[in-house]
Amino acid sequence: MKLFQNLFDATRPAVTTGKLKGLYPLHNALETMFFVPNHNSHSGAHVRDAIDMKRTMITVIFALVPALLFGMFNAGYQHYKALGLLIQGDLLTQFFTLSNFMFGALKIVPMITVTYIAGLAIEIYFAYRNKHAVNEGFLVSGILIPLIMPIDIPLWMVAVSTAFAVLFGKEVFGGTGMNVLNPALTARAFAFFAYPTYMSGDKIWVNTTPEQGAQIVDGYSGATALGQLATSGQTNYSAWDAFWGFVPGSIGETSTFAILLGAGFLIYIGVGSWKIMLSTVLGGLTMGLIFNSAADSMEPGALQNYMSLPYYQHLMFGGFAFGAVFMATDPVSAAHTERGKWIYGFLVGLLSILIRVFNPAYPEGVMLAILLMNVFAPLIDHYVVQANISKRLKRLKLQQS
Amino acid sequence: MSNFHIVRKGLDLPILGAPEALVDGHLSASVYAVRPSDFRGLVPKLAVKEGDRVLAGDVLFTDKADPRIRVTSPVSGEVARIERGDKRKILGVVVLADSQQEYRKFTSGTPASREDAINWLLESGAWSLVESRPYGRIASPDAEPKAVFVNGMATEPLAVAPAVALAGREEDFAMGLQVVSLLSKRTVLSIAASETAPALTKASGVELHQFKGPHPSGTTSVHINQISPINKGEVVWTLNYQDVAVIGHLARTGSFKLERVVALCGTGFAKPRAITAVAGANLENYLGSELKSGNFRVISGSVLSGANVGKAGYLTYYASQLTAIPEGEGTDFFGWVLPSMGKWSVSRTLFSWLTPNKKFDLNTKQHGEDRAFVVTGVYDKVFPLDILPMPLIKAMWAKDLEKMEQLGAYEVVPEDFALCEVVCPSKQELQKLAGDAIDLLYTEMN
């Protein structure tokens, strides 16, 4: 402790007045990470709540840990399954093995590292340029971005997508707190449209690099459940597999269960908005029910099959759960008003399932639905605020009459 | 319309150092100061010079914008000095108090009419106790308020219960209410649902309303918002129950004695309790024997909105609390991620929610640095007014007067944002922001 304090004290002159002036934001970010500074309240209320932005952000990261760890196991599991190298035994003994975990960790930890380096470098540059402290927003984005990427995406694409998201998703609007779009989804959308072959299809969700003495299992398909649904309206994966997450998909999105753990934590701690999560789920269920009831009158075919997928199963397949819990709830890009959050979440859920079912080109509708609603969130807020204004005007008119 | 109101949103700070419910002692001081900065928006025009003798009730300065508004000396004595700052701005008028207090005599008895009452209050300087909404300034005597709101509650952290503060002054309070009810057609007295003091529960000649709930259920803004919200163009006058008793005393005796029951509260005091004190009293000598040793911040007012006056400072003009809490010291090693037991947070990101009844020795630490707004919905939980706090704050930030007006800026005073400021994870200075914005609105509208 003393050691770190001395280190920061010793290097401070160099970055405040000395040659390394440009590094001050970095120094400040690191120092405030090690030590919450001894600032005392200087105006207004004299006592303050012990929460700060760093603690808020780290809470979200804690909530992501189950999905992250599960993603590491699953990456290895899918890989060894494709190569037919799974050990004998039941599913759980096959799944929770050290080799699965190590395989996933060796893939995913570099992705996280690259994301942080790319994103934080830009954040620190802008902190220096605009003379403010480094905001903590990227702490969460840096974990979210790898979790919504396929396992085999090259690291440089992760870096470019992250850089794009931070620059054009966030900094051009004025930095943390000002962005319109969710930065993590901006990164994914960029990768999705810039490198479609690495972001969609049947081949990318499972690492199938051959290993010594192993070939890809005959008849193996690496398609995700949603990919299968979009082409044939049916999937090989059971809803339970999808719920527990033993299916191919983006790294962190597969296990609805692990995401639910995170959701429970976020709601209980109060950092994530339960209103958005609940209303997104309600929106998804509503659209699912509409499809179910309309499916009977459709001509038989893939679309009819897809539409008759039991409505609740939409919540388990693909990135719906991850989007509802971790993406739609980003407080900056979501609706800001409490009433607006209900509308916003409901429409996110509704559109996710709508896009997913009706547009086979985008098997995962959640990303586009959330980005779309991000754009509309200020409009929703506008009407909620306007309602408050009209109420006041009405009161005034009543008074005058 | 029901006269019983339940306020659900809000927060009672779990802070140690509550004062004992007895009035014991008097803040004796030999030096007093009245500071123009205690009066929002008032530009002083001096009526005395150094060396002048004044009686308690003699004018010290008037408002440049309206010379009828006088601020009078709380004590008799000699004007020792005029404290000035940059550009000779008047910071305070310091009076060396006589050992035997002499009061200037005003007419006693209840005034006959509204006009008489206003003139009599203006003359004595007791008009300074009448605040006007919107803008939270000393009322303009020309305005025609739709109602006068008397606040008979004290829900600020560590405040003294009105029953304690009014004990022995029931007659003054009743007489004060008579005077105040002359000022408008409608006089509202708001009291706590649990109030027992007959002076309040049996007050006559007023419309009685009861409020239940956590702070800010006892603030005038909440009362007005629930009973008769302010529309554009409307004016409401507000008074505190202790100031009504001061006015009653003036009516009864003819002396303007600006003495209140003041809570000595916070963990900095050896014996937190209530005392009597005259506004403007110098604290230096008195605090020496009352404060524990250690580094404490002395606040004239509550921990939410009081002024940091320092150990050698003066009690502010309107204060009914004197709070001493420890100054925060030292940095916290990884304080943002470690469980940090013993720290308090309204959120569940720390562990204080496990012990909901535990009180904390809260200090002045900010617990983090200023950041952009990120989290939403935090303010709403502690802001019971029928106003959207975040949009209003953003309008204030942008100095968008039209939006401010539409979103209810006429109904708020800076203190209403104190709890938002306490819970804000981005550590924004909301009271200062609101104060500047409301002042700007005043300048543009008048």
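1. Domain bounds, as used in this note, come from an automatic or database domain assignment. On that basis, chain A is divided into domain 1 (2-34) and domain 2 (53-212 + 219-386). The C-alpha centres of these two domains of chain A lie 37 Å apart. Five residues from domain 1 of chain A and five residues from domain 2 of chain A make up the contact, where two residues are in contact if their C-beta atoms, placed from the backbone, lie within 7 Å. The side of domain 1 of chain A that touches domain 2 of chain A has three nonpolar, two polar and no charged residues. Here Ala, Val, Leu, Ile, Met, Phe, Trp, Tyr, Cys and Pro count as nonpolar, Asp, Glu, Lys and Arg as charged, and the others, Gly among them, as polar.

2. The model is predicted: local features need pLDDT of at least 70, side-chain atom pairs count only at pLDDT 80 or more, and totals for chains, interfaces and linings use all residues. Residues are numbered from 1 along each chain as its sequence is written, while chains are lettered from A and ligands numbered from 1 in the order in which they are written.

3. In chain A, helix 13 (residues 274-295) packs against helix 15 (residues 320-327) at an angle of about 150°, with the axes 9 Å apart. Helices (H or I, at least four residues) and strands (E, at least two) are DSSP runs, numbered from the N terminus. Axes are lines fitted to C-alpha atoms, for helices over the stretch in contact, and angles run from 0 to 180 degrees between N-to-C directions. Helix 13 of chain A is therefore roughly antiparallel to helix 15 of chain A (angles over 145 degrees count as such). Met277(A), Thr280(A), Val281(A) and Gly284(A) of helix 13 meet Phe320(A), Ala324(A) and Val325(A) of helix 15. The residues of this contact comprise five nonpolar, two polar and no charged.

4. Between the chains, the contact takes 63 residues from chain B and 49 residues from chain A. Helix 10 of chain B gives the largest share of the chain B side, four residues. By class, that side has 28 nonpolar, 20 polar and 15 charged residues.

5. Strand 1 (residues 35-36) of chain A and strand 21 of chain B run antiparallel and are joined by two bridges; strands pair if DSSP finds at least two bridges between them. Val36(A) has Asp332(B), in strand 21 of chain B, as its bridge partner.

6. Chain B is divided into domain 1 (111-121 + 140-253) and domain 2 (366-445). Their centres, taken over C-alpha atoms, are separated by 26 Å.

Terms used:
Parallel < 35°, antiparallel > 145°, perpendicular 65-115°, else oblique.
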